[in-house]
Amino acid sequence: MINEKVVTAIGTPNIAFIKYWGKRDYTGLNTPNNSSISMTLDEKLSTRTSVVFSKKLNRDMLYINGSEEVMVGEKIPEKSAYLKRILDHMRRLAGVKENALIVSENSFPSSAGIASSASGAATLVFVLSNALQLDKKSREMSVIARQISGSACRSMFGGIVRWNKGMKEDGSDSYAEQAFKDTHWPELIDIIAIVDPSKKRVSSSVGHADTVKTSVLYPLRPKFAEEGIVTVEKAIAGKDIDALSKAIMRDSNNMHATMLDTWPPIMYLTDASKDIIYGIHELNDANGKRIAGYTFDAGPNAHIITTEKNRKKIMDMLSGIRGVRQTIEGHMGTGPRLLESKDSLIDEKTLTPKRVQGKMQ
Ligand code: PMV
């Protein structure tokens, strides 16, 4: 018997220092060709998700950022189909039959150009696991989150997180684990420079497949990335921003080189992204050692990894770049956690999403 209580959780995105690009499996397992390592961000950018399972619900309902997603029928979109599969899988594990109402909100506008899929998927798996009383360890939850969005598995933990690629065909050993606690190097920050908030032209799921299929450079990438992880872990252990910056810049450049080498080419970086790349190299040269490194996901917005004491130098450099529209400062986060019932997004009496003045609370 499920207890018909609303459960609410908060989770956050992560930024990869050594990146995941290219899968071994395209049937939904999302097993990668290389391991990756990332920093989980704090709650300045977050996803809040509430869920309730109840006999009173006559179908599954999912609301994301205020609009209802199609969860049944033939026209079910790819994203909802994945979510539905995960929901059914977790419900089966718990032996629960009741329908679910899920309400999820991002604290950051999707127009900010920050990928919300990792924090969304990680928070969903975390909240479902708690609502269904599955008592899952974070590692097991990371295996489930990975199947919604690969990079989401790293958001199951706080601090610095490594996603081990694994070897098994069923993906059971492709999980994330914490490599360093969030308290290890709290001065490490991610200054996000938004240069273009619009939706990316090529989705990451199409990109992962096309690069592996067509890039002649790509076969070199998995080994390079595995070596990068060793370098990054050593740099973080020694709180060495010079070595860390070099490793993350080289990895980002390497991944974007394989994207450009994809046929037809995938180009996420814009002129403003390139101005930031030059700006960081000039700043590092002027300092006589590296004080910051850039990294770019499947989009043009820069994540500048640096330490708090160098914040002003970075901000001054960014203020001279015309294409930078907004900056957001991310700190080391602690991973997903449960919230109190007052923070719920669901009205427990009516089993409907809460709304304030026509907007989600
Ligand atoms: O998790 P996906 O399928 O959206 O892929 C994300 C890949 C990158 O963001 C480009 C790199 C990474 O490791 O996060």
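Which residue in β6 is the bridge partner of Ile64? In β6, Ser67 takes that place. The model is predicted, and local features were required to have pLDDT of at least 70, side-chain atom pairs counting only at pLDDT 80 or more, while totals for chains, interfaces and linings use all residues. Residues are numbered from 1 along each chain as its sequence is written, and side-chain values use heavy atoms, with hydrogens and water left out.

Strand β5 covers residues 61–64 and strand β6 residues 67–69. Helices (H or I, at least four residues) and strands (E, at least two) are DSSP runs, numbered from the N terminus. β5 and β6 pair in the antiparallel sense over three bridges, where pairing requires that DSSP finds at least two bridges between two strands. The two strands form a hairpin with two residues between them, and Asn65 in the turn has a positive phi of about 45°. β5 also pairs with strand β7 (residues 99–106), here in the parallel sense and over four bridges. In that pairing Tyr63 stands opposite Val103 of β7. Strands of a sheet pair through backbone hydrogen bonds, either parallel or antiparallel.

The side chains of β5 can be read next. In a regular strand the side chains alternate between the two faces of the sheet. Met61 and Tyr63 point one way from β5, and Leu62 and Ile64 point the other way. All of these residues are buried; buried means under 20% relative accessible area, exposed over 50%, and partly exposed in between (1.4 Å probe, protein chains only).

Strand β8 (residues 160–163) pairs with β9 in the antiparallel sense over four bridges, and Val161 stands opposite Gln178 in β9.

The loop between β2 and β3 (36–40) holds Asn30. Phi of Asn30 is near 55°, a positive value in a residue other than glycine. Asn30 is buried, with a relative accessible area of 4%.

Turning to the helices, α1 (residues 78–94) and α2 (residues 117–131) have axes that come within 11 Å and cross at roughly 25°. Axes are lines fitted to C-alpha atoms, for helices over the stretch in contact, and angles run from 0 to 180 degrees between N-to-C directions. The crossing angle makes α1 roughly parallel to α2, since angles under 35 degrees count as roughly parallel, over 145 as roughly antiparallel, 65 to 115 as roughly perpendicular and the rest as oblique. α1 passes α2 in a right-handed crossing, which means that the near helix is turned clockwise from the far one by less than a right angle.

On the α1 side, the contact is made by Leu83, Ile86, Leu87 and Met90; on the α2 side, by Leu124, Val125, Leu128 and Ser129. Contact means heavy atoms within 4.5 Å. These residues divide into seven nonpolar, one polar and no charged. Ala, Val, Leu, Ile, Met, Phe, Trp, Tyr, Cys and Pro count as nonpolar, Asp, Glu, Lys and Arg as charged, and the others, Gly among them, as polar.

Val125 of helix α2 is buried, with a relative accessible area of 0%. Not counting residues up to four places away in sequence, Val125 touches Ile86, Met90, Met141, Ile144, Ala145 and Ile148. Val125 and Thr334 are 209 residues apart in sequence and 16 Å apart in space, C-alpha to C-alpha.

Leaving aside neighbours within four places in sequence, His208 is in contact with Tyr20, Trp21, Gly22, Lys23 and Tyr26.

Two loops remain. Lys239, in the loop between α5 (221–237) and α6, has a positive phi of about 45° although it is not a glycine. Lys239 is partly exposed, with a relative accessible area of 43%. The loop between α6 (241–260) and α7 (271–287) contains Pro264, and the peptide bond from Trp263 to Pro264 is cis, with omega near -5°. Trp263, placed in the loop between α6 and α7, counts as exposed at 68% relative accessibility. Trp263 and Lys289 are 26 residues apart in sequence and 37 Å apart in space, C-alpha to C-alpha.
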